[in-house]
Structures are given as structure tokens and as C-alpha cells.
Amino acid sequence: MVADAALRADLVVVGAGVAGLTAAVRAAEAGMSVVVLNKGRGWRPDDLDPGTATYFAQGGIAVVEPDNDEDSVALHTRDTVVAGAGLTDEVATASILGDGFAAVSTLIDWGARFDRGSDGRFLRTREGGHSVRRVIHAGGDATGAQVQRSLATRALSHARIRVIDESHAQQVLLSADGTAVGVRIGSGDGHTSDILAPTTVLATGGAGHMYRATTNPLGSTGDGIALAYSAGAAVADMEFIQFHPTMLYRSGVRGRRTLITEALRGEGAILVDVDGHSVTDGVHPLGDLAPRDVVAHAVTTAMARTGAEHVYLDARHISDFARRFPTVTAGVAVIGVDPSTDLIPVVPGAHYLCGGIVTDAAGATSIPGLYAAGEVARTGLHGANRLASNSLLEGLVMGRRVADAAIGRKGGAAPSNGPVAATELPIAPRGDLQNQMSDHAALSRDHIGLSSLAEYLQSAPRRRPRTATDHEDAALTVTALLVVHAALARKESRGCHHRTDEPGA
Ligand SMILES: Cc1cc2nc3c(=O)[nH]c(=O)nc-3n(C[C@H](O)[C@H](O)[C@H](O)COP(=O)(O)OP(=O)(O)OC[C@H]3O[C@@H](n4cnc5c(N)ncnc54)[C@H](O)[C@@H]3O)c2cc1C
């Protein structure tokens with residue numbers, strides 16, 4: 001490894017999705033110099049995979065419009081708290097949701113265009129767990145692409161923002177008194193360098209690639225969790241991994257798979273087993289629009305009952321399907337399915353990390369100078385189970401808040417980092433880790449499976465990570481260990497943590 005000279009900025013942001021770019025743009029517009037680190041290829045309008053979950057988001061953004069008489073922040077908070085199964089922080093939730101409309105309005109000022117009716121009002125759909133239609137969308141089911149496009153365009157044209165693509169954050173740098181002073185990054189050619197700033201924001205997204213198949217992009221490998229935990233930051237609620245009930249079924253295919261948005265069920269699509277019977281009949285009063293954990297378990301129950309490897313989503317009666325759901329149309333065409341005439345084969349898939357790095361209302365972690373926003377953070381909004389379409393909103397709101405915190409910290413003493421120890425880390429081979437996690441720490445868990453998984457992860461060979469893949473595999477191993485220890489400790493079934501050997505909460 002060759003170490004280059006350090007770069008300095010007022011703010012360093014790790015991650016170029018909704019949370020990271022929102023933070024970067026807001027801070028830069030307040031006069032801050034910002035460095036954004038992105039291990040992905042970077043944004044190009046013609047690139048169909050910029051490496052962020054944000055880009056792939058389909059359903060939309062759950063937001064209360066002030067002039068919608070049917071809705072209120074209190075009702076949105078209630079729905080969120082119900083989905084969170086008793087672990088949601090109600091104060092944090094009401095505050096984040098309450099700031100939602102202002103955050104969306106800023107995004108629109110920055111160039112985002114949402115679908116509107118002929119009266120000029122937002123078109124709104126409904127998703128699981130929402131008691132009213134409050135999910136706004138863009139390009140039909142291409143909401144994330146619109147969010148990514150508008151934020152990236154704004155960030156890339158800003159003179160005070162420097163985006164460094166294909167740069168992999170490997171370590172949070174701490175000063176002698178334990179304050180975060182930046183990050184060490186590696187680039188593909190073996191160089192490392194340090195980015196120093198009074199404020200560091202982790203906005204690295206989720207960790208879906210702990211499992212064989214996931215809706216997440218390739219880079220969702222838990223890096224931010226591992227970076228923060230290794231630096232000594234607190235993490236919580238790691239056992240709550242949300243499985244989306246409807247990921248496209250493809251026999252034996254690993255890695256990222258197409259999501260079949262819940263908005264389809266909001267528009268009347270129904271889940272049926274391979275014999276044509278309803279999957280959710282008698283399971284929950286909200287039927288196919290019950291919270292995700294409920295529907296995902298109904299799907300696996302139906303699969304066990306019929307012996308099939310999937311169930312079907314029947315969306316054949318949705319009119320104008322290809323225009324309203326272009327992303328799903330393109331995704332299922334890959335396996336030769338036309339949703340207007342065919343049933344869509346679906347299975348539950350690893351989708352969202354509800355827990356993460358513990359932050360306060362401003363996004364501050366337990367380490368001074370270190371902030372977290374977006375999917376990597378645990379603000380208390382999601383509790384034991386995220387309400388659909390709350391995460392883009394959380395990224396927008398918390399991205400603004402961490403920027404505001406950084407603005408308040410500008411002009412602190414110029415940071416310098418203490419010595420960086422080159423340590424050996426447990427690194428499990430990715431395929432094995434994914435198999436073990438899928439077998440023992442997915443939708444259903446028990447003490448025996450989790451214990452053997454903990455033993456497997458703890459005995460993973462220790463070595464110094466050298467390549468970007470090594471760093472990701474080390475992050476997956478640390479993140480998986482945190483998930484498994486939390487799942488072992490929670491001796492009850494709650495939200496998206498289902499213990500077959502323990503009762504419901
Ligand atoms: C298929 C799909 C559909 C979804 N649909 C919706 C929806 O309709 N509504 C909704 O609210 N939510 C939805 N979600 C969830 C939502 O999209 C994500 O939770 C949210 O976009 C996460 O944003 P983020 O900024 O935290 O992370 P991301 O958008 O994932 O961005 C993470 C960034 O961090 C970078 N990064 C990671 N590690 C490193 C490292 N070590 N060094 C440097 N850079 C790093 C990545 O390259 C990337 O730029 C969906 C998710 C998926 C996968």
C-alpha cells in the first residue's frame with residue numbers, strides 16, 4: 001500500500017445515495033467544502049446501476065402533504081409505530097416525519113419531478129401498513145432513479161463539492177482524544193489516502209449481501225456499520241432485517257434480484273399460491289397490504305403448504321401497466337414474463353436493515369465528530385420493522401440534519417489523525433457467509449441455528465484486508481456477527497425478527 005497526502009474539507013461524506021448527497025448539497029449551499037466518497041462507479045445518466053439502493057427505489061416516498069385532509073403527521077406516525085412493533089421511538093418518528101414535506105419540497109426545488117395529476121397535485125399510492133394513500137412517486141415506479149438523478153446532478157455541478165468515485169472508505173480516523181477526524185480510503189490501484197474534516201458522515205446504505213439473494217445493489221455490504229463499530233460507535237436493532245415479500249423468483253440466481261414493488265398490491269394486485277389460493281386470506285385485516293413481515297411469513301407458509309419454491313403476484317388486471325410500472329415491466333421481461341398476461345413468480349428477499357449505527361435526532365453517533373444518515377443509521381424511526389417508503393424520506397430529512405450539524409461544527413480546530421494500526425480482521429468467504437445467513441438468520445431463526453452461525457463467523461480466518469473485496473467481506477463478517485448476536489439475545493418474536501423457538505411479543 002502507498003499512502004498519499006491527506007485532503008482536507010469542512011465535511012467528508014461516505015456514500016452518494018439519497019442521504020449522502022442530500023447532506024453534501026445542503027452543506028455546500030451553506031458555504032462548506034465537501035468531499036463525497038463513493039465506492040461505486042458514480043452517476044452517469046445512461047448508467048443503469050450506479051451502485052446505490054436509492055437508484056433502485058420503486059414505490060415512492062411516504063410524505064404527508066399539509067393540505068391533505070385525509071392525512072396528518074400524527075396518522076403517519078401511528079402507522080409507523082404500529083409497523084415498528086413496539087420498538088419505534090415515537091418522538092424521533094414524529095419529528096422526522098414532521099420534517100418530511102419540507103425535505104421533499106427542497107428536493108423538488110433541486111430539480112426532482114414527481115408524478116402529478118391533471119389538477120397539478122401529486123399522484124399518491126398506498127403501500128403495506130399505510131392507512132391512507134400518501135406515497136408519492138416519480139416516473140411511475142422509477143422514484144429512486146429520479147431522486148438519484150436530481151441529487152447527483154445538483155452535487156456534481158456544485159463547485160464546493162468534490163465527489164471521488166471508486167474510492168473505498170476503509171477506516172474511520174480518530175484523534176488521540178477519540179474524536180472522528182475523517183476517513184482512510186483505498187483506491188483500486190492499491191493507494192490509500194486520508195480525507196480529514198471536523199465532521200464525518202457515514203451514509204453507506206444497507207447490508208443485503210449478507211444473504212444469497214437480495215433486492216440491494218452490489219455495494220450493500222454493511223461497510224458503514226463495520227467502520228463505525230470498529231471505531232467504537234454504538235449500534236442497535238441489528239436483528240431486524242426486513243425481507244420484502246415480493247422479490248422476483250429466479251431459480252438458483254444469487255446476488256441482486258428485481259424487486260416487485262408493493263405499490264402493485266396498493267393498486268390491487270393479489271398474492272396467490274401455485275394452486276391459485278389467496279396467500280393472505282385470514283392472516284391480517286389488511287390482507288395483502290399488511291405490514292411486510294406479516295406478508296413475507298404468509299408467503300413462506302404458502303410455499304411450505306404447496307411445496308413450491310415461490311408464490312405468484314397476479315397483477316393482470318392493472319390497466320396501463322407498462323406506463324405506470326416501467327421498472328417492474330423491464331425487470332420481469334428478463335425472465336420472459338409480461339405482467340399484463342402472466343403471473344409474476346415471487347419470493348421474500350433480504351431488503352432493508354432496520355437497525356444500524358445509533359444516532360440522536362441530529363444524526364450524531366456516540367463518537368464525537370462522527371454522524372450517520374440513511375439506511376446505515378438507527379434513528380428509532382423503524383423500530384422492529386420499517387414502514388414501506390419511509391426510508392427515502394428518512395434519508396432526505398436526516399441528510400439535511402447532519403449537514404446542519406456539520407455547518408455548526410465548521411471552523412473547529414484543523415483535525416489531525418492519530419496513528420492508524422493495521423489490524424487483522426475476521427473475513428468469512430462471501431458465498432459461505434451468505435449460505436449460512438440465509439439458512440439460519442433469515443425470515444425465521446432459532447437458538448440452535450443462530451448458535452452454530454455465531455460459531456462459524458467467530459472462527460472465520462483472520463487476516464489483513466488488502467483488496468476492496470476483502471474490505472467488503474470483512475464488513476459483511478462484522479455486520480453478520482452483530483446481526484447474529486442481536487438475534488440470539490432477543491428471545492422473542494417481534495417485527496421482522498421471528499424466532500421459531502420463542503413466543504411472539
Ligand atoms: C429495490 C429497492 C427498492 C426500494 N424502494 C423503496 C421505496 O420505494 N421507498 C423507500 O422509501 N425506500 C425504498 N427502498 C429503500 C431505500 O431505497 C434505501 O433505504 C435508501 O435509498 C438508502 O439510501 P442511503 O443513502 O442510505 O444508501 P444508498 O442509496 O444505498 O447509497 C449508499 C452509498 O454508499 C456508498 N458506499 C458504501 N460503502 C462505501 C464505502 N466503504 N466507501 C465509499 N462508499 C461507500 C455506495 O457506493 C453508495 O454510493 C428500496 C430499496 C431497494 C433496494
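This is a predicted model: local features need pLDDT of at least 70, side-chain atom pairs count only at pLDDT 80 or more; totals for chains, interfaces and linings use all residues.
Residues are numbered from 1 along each chain as its sequence is written, and side-chain values use heavy atoms, with hydrogens and water left out.

**The ligand and its shell**

- The ligand is surrounded by 38 residues, where a residue is near a molecule if one of its heavy atoms lies within 4 Å of it.
- The closest residues to the ligand are Asn38, Thr54, Gly60, Asp223 and Glu375.
- By class, the shell around the ligand holds 13 nonpolar, 21 polar and 4 charged residues. Here Ala, Val, Leu, Ile, Met, Phe, Trp, Tyr, Cys and Pro count as nonpolar, Asp, Glu, Lys and Arg as charged, and the others, Gly among them, as polar.
- Several elements each supply at least two residues of this shell, including α1 (18-29), β4 (34-38), α2 (53-56) and α12 (391-409). These helices (H or I, at least four residues) and strands (E, at least two) are DSSP runs, numbered from the N terminus.
- β9 (167-174) and β19 (344-353) also each supply at least two residues of the shell around the ligand.

- Gly60 has a backbone N or O atom 2.7 Å from a nitrogen atom of the ligand.
- For Gly59, a backbone N or O atom lies 2.8 Å from an oxygen atom of the ligand.
- A polar backbone atom of Lys39 is 3.0 Å from a nitrogen atom of the ligand.
- Of the 1000 Å² of accessible area that the ligand has on its own, the protein covers 98%; accessible areas come from the Shrake-Rupley method with a 1.4 Å probe.

**Cavities**

- On a 1 Å grid over the protein atoms alone, a cavity is a set of points where a 1.4 Å probe fits but cannot get out, and its lining residues have an atom within 4 Å of a point.
- The largest cavity contains about 100 Å³ of space, a volume being the space filled by probe spheres set on the grid points, which are joined across faces, edges and corners.
- Of the 13 residues that line the largest cavity, Ala16, Leu21, Asn38, Gly42 and Trp43 lie nearest its centre.
- α6 (143-156) and β8 (161-165) each supply at least two residues of that lining, and the largest share, 4 residues, comes from α6.
- The lining of the largest cavity has 8 nonpolar, 4 polar and 1 charged residues.
- The second largest cavity has a volume of about 50 Å³, and its lining includes Met210, Ile241, His351 and Glu375.
- With 4 residues, β19 gives the most to the lining of the second largest cavity.

**Sheets and strand pairs**

- Strands β5, β7 and β6 form an open sheet of 3 strands in the order β5-β7-β6, with antiparallel pairing; two strands pair if DSSP finds at least two bridges between them.
- The edge strands of this sheet are β5 (61-62) and β6 (124-125), and each pairs on one side only.
- β5 is joined to β7 (residues 135-136) by 2 bridges, and Ile61 has Ile136 in β7 as its bridge partner.
- Another open sheet of 3 strands has the order β14-β20-β22, with mixed pairing.
- β14 (235-236) and β22 (377-378) stand at the edges with a single partner strand each, so one side of each has no neighbour in the sheet.
- Between β14 and β20 (residues 356-358) there are 2 bridges in the antiparallel sense, and Ala236 has Gly356 as its bridge partner.
- β18 (residues 311-314) pairs in the antiparallel sense with β17 (residues 270-272) over 3 bridges, and also with β19 over 3 bridges.

Definitions and conventions
A polar contact is a pair of N or O atoms within 3.5 Å; within protein, one must be able to donate a hydrogen and the other to accept it, and residues adjacent in sequence count only if both atoms are side-chain atoms. On a 1 Å grid over the protein atoms alone, a cavity is a set of points where a 1.4 Å probe fits but cannot get out, and a pocket is an open set with protein on both sides within 12 Å along at least five of seven lines; lining residues have an atom within 4 Å of a point.
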